[in-house]
Amino acid sequence: MSDDTATQTTDLDVRLEKHRVELTGYCYRMLGSSFEAEDAVQDTMVRAWRSYDKFEGRSSLRSWLYRIATNVCLDMLTAGNKRARPMDLTESTPLAQAALSPRPDNTWLEPMPDSRVLPTTEDPAEAAVAKESVRLAFMAALQQLPPKQRAVLILREVLAWRATEVAELLGTTVASVNSALQRARATLAEQQQPGAEATVSDPLDDEQQKLLDRYVAAFEGYDMTALTALLHEDAIMTMPPFDLWLTGHDDIAGFMTTLGSACEGSRLVPVQVNGLPGFAQYKPDPEAGGYTPWAVQVLEISDGRLTGFHFFLDTKRWFPLFGLPLHLEAETDQIEEGV
């Protein structure tokens with residue numbers, strides 16, 4: 001390889017990589033899966049790299065990459081699988097009937113670190129729309145749309161593309177794009193998605209931060225009286241890959257002191273996930289000492305109370321995705337708390 005060719009290859013790699021985060025966000029909204037989104041973007045980059053000599057520059061490199069990514073996602077969605085949350089699939093279970101029944105991984109809407117899907121922007125309004133569009137409730141609503149309607153809605157409403165740009169990307173007409181957008185909006189308007197009322201400022205305001213501080217103290221102290229005081233009376237708790245979900249602070253607190261009692265003594269490490277506050281939960285490790293991963297928690301807040309908290313339990317997948325260690329030493333944790 002000549003020096004000129006090597007330089008051109010490096011330059012192309014750099015140009016492609018500049019779009020990775022926003023493309024991952026787009027594919028994540030399309031697919032509802034963290035890992036499938038990253039696979040789709042990698043496939044997009046490989047296809048772009050291999051066919052770059054055919055790129056004629058009639059559109060921007062960004063538009064061209066989105067066209068490739070859209071085709072990759074539509075191909076992946078032909079199987080028709082719609083990822084969901086537990087409350088999208090079953091009725092709430094009373095505590096007295098609670099049982100932990102797992103479903104396959106491809107059933108579930110998956111969590112995603114903000115840093116992997118939210119590009120840096122200096123426009124507060126743009127940043128707010130981006131965060132709202134990866135929240136679990138909105139993501140679950142997107143999964144109810146046919147794939148092409150989903151693409152149209154994301155491109156028009158989230159990414160603010162013009163109808164002419166979307167029509168060119170999809171190889172269709174402006175009228176078709178506008179019709180698809182209207183149908184998608186109507187479908188979303190008909191749905192009552194639990195968690196849709198969640199309101200979190202960016203950055204967190206003082207009251208929201210105090211609520212989270214009280215939550216950490218209550219959870220780490222396993223103080224169910226204090227925790228119950230923070231929960232809305234209709235709060236929802238989910239635990240994928242289990243299809244069980246609970247509603248109401250009494251059943252949630254009751255679960256945590258019975259089937260969930262092994263979480264007592266846990267430590268929480270803050271994470272930014274799905275445009276919402278969250279925590280990596282480590283529970284005591286009786287064999288190795290210290291703490292072992294247990295869940296990525298995603299919290300929903302409305303009117304000064306916790307309205308939803310969602311525990312994603314497949315820690316061997318989630319913790320590396322978030323760049324989190326797979327073990328916490330007790331000594332290290334105590335030092336960090338004392339800093």
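**Figure 1. Buried residues of helix 10 in the predicted model.** In this predicted model, Ala163, Val166, Ala167 and Leu169 are the buried residues of helix 10. Around the helix axis they cover an arc of only 160°, which puts them on the same side of helix 10. The elements that cover these buried residues include helix 4, helix 9 (147–158) and helix 11. Just after helix 10, Gly171 adopts a positive phi of about 65°.

**Figure 2. Packing of helix 10 against helix 11.** The axes of helix 10 (residues 163–170) and helix 11 (residues 174–190) come within 8 Å of each other and cross at roughly 105°. Helix 10 is therefore roughly perpendicular to helix 11, because angles of 65 to 115 degrees are assigned to that class. On the helix 10 side, the contact is made by Ala163, Thr164, Val166 and Ala167, which meet Val174, Val177 and Asn178 of helix 11. Of the residues in this contact, five are nonpolar, two are polar and none is charged.

Figure 3. In helix 7 (residues 124–132), the buried residues are Ala127, Ala130 and Lys131. Viewed down the axis of helix 7, these residues fall within an arc of 95°, so they line one face of the helix. They pack against helix 2 (20–31), helix 6 (114–117) and strand 3 (267–273). At the start of helix 7, a side-chain oxygen of Asp123 lies within 2.9 Å of the backbone nitrogen of Ala125.

Figure 4. Gln281 belongs to strand 4 (residues 276–284). With a relative accessible area of 0%, Gln281 is buried, since the cut-off for a buried residue is under 20%. When residues up to four places away in sequence are not counted, Gln281 touches Phe219, Cys263, Ser266, Arg267, Leu268, Thr292, Pro293, Trp294, Ala295, Gln297, Phe311 and Phe319.

**Figure 5. Phe55 in the loop between helix 3 and helix 4.** Phe55 is located in the loop that runs between helix 3 (34–50) and helix 4 (61–76). Its relative accessibility is 17%, so Phe55 counts as buried. Apart from neighbours within four places in sequence, Phe55 is in contact with Ser60, Leu61 and Trp64. The C-alpha atom of Phe55 is separated by 44 Å from that of Ala295, and the two residues are 240 residues apart along the chain. Ala295 is also one of the residues touched by Gln281.

Notes:
Residues are numbered from 1 along each chain as its sequence is written. This is a predicted model: local features need pLDDT of at least 70, side-chain atom pairs count only at pLDDT 80 or more; totals for chains, interfaces and linings use all residues. Side-chain values use heavy atoms; hydrogens and water are left out. Axes are lines fitted to C-alpha atoms, for helices over the stretch in contact, and angles run from 0 to 180 degrees between N-to-C directions. Helices (H or I, at least four residues) and strands (E, at least two) are DSSP runs, numbered from the N terminus. Angles under 35 degrees count as roughly parallel, over 145 as roughly antiparallel, 65 to 115 as roughly perpendicular and the rest as oblique. Contact means heavy atoms within 4.5 Å. Ala, Val, Leu, Ile, Met, Phe, Trp, Tyr, Cys and Pro count as nonpolar, Asp, Glu, Lys and Arg as charged, and the others, Gly among them, as polar. Buried means under 20% relative accessible area, exposed over 50%, partly exposed in between (1.4 Å probe, protein chains only). The arc is that of the directions from the helix axis to the C-beta atoms. A polar contact is a pair of N or O atoms within 3.5 Å; within protein, one must be able to donate a hydrogen and the other to accept it, and residues adjacent in sequence count only if both atoms are side-chain atoms.
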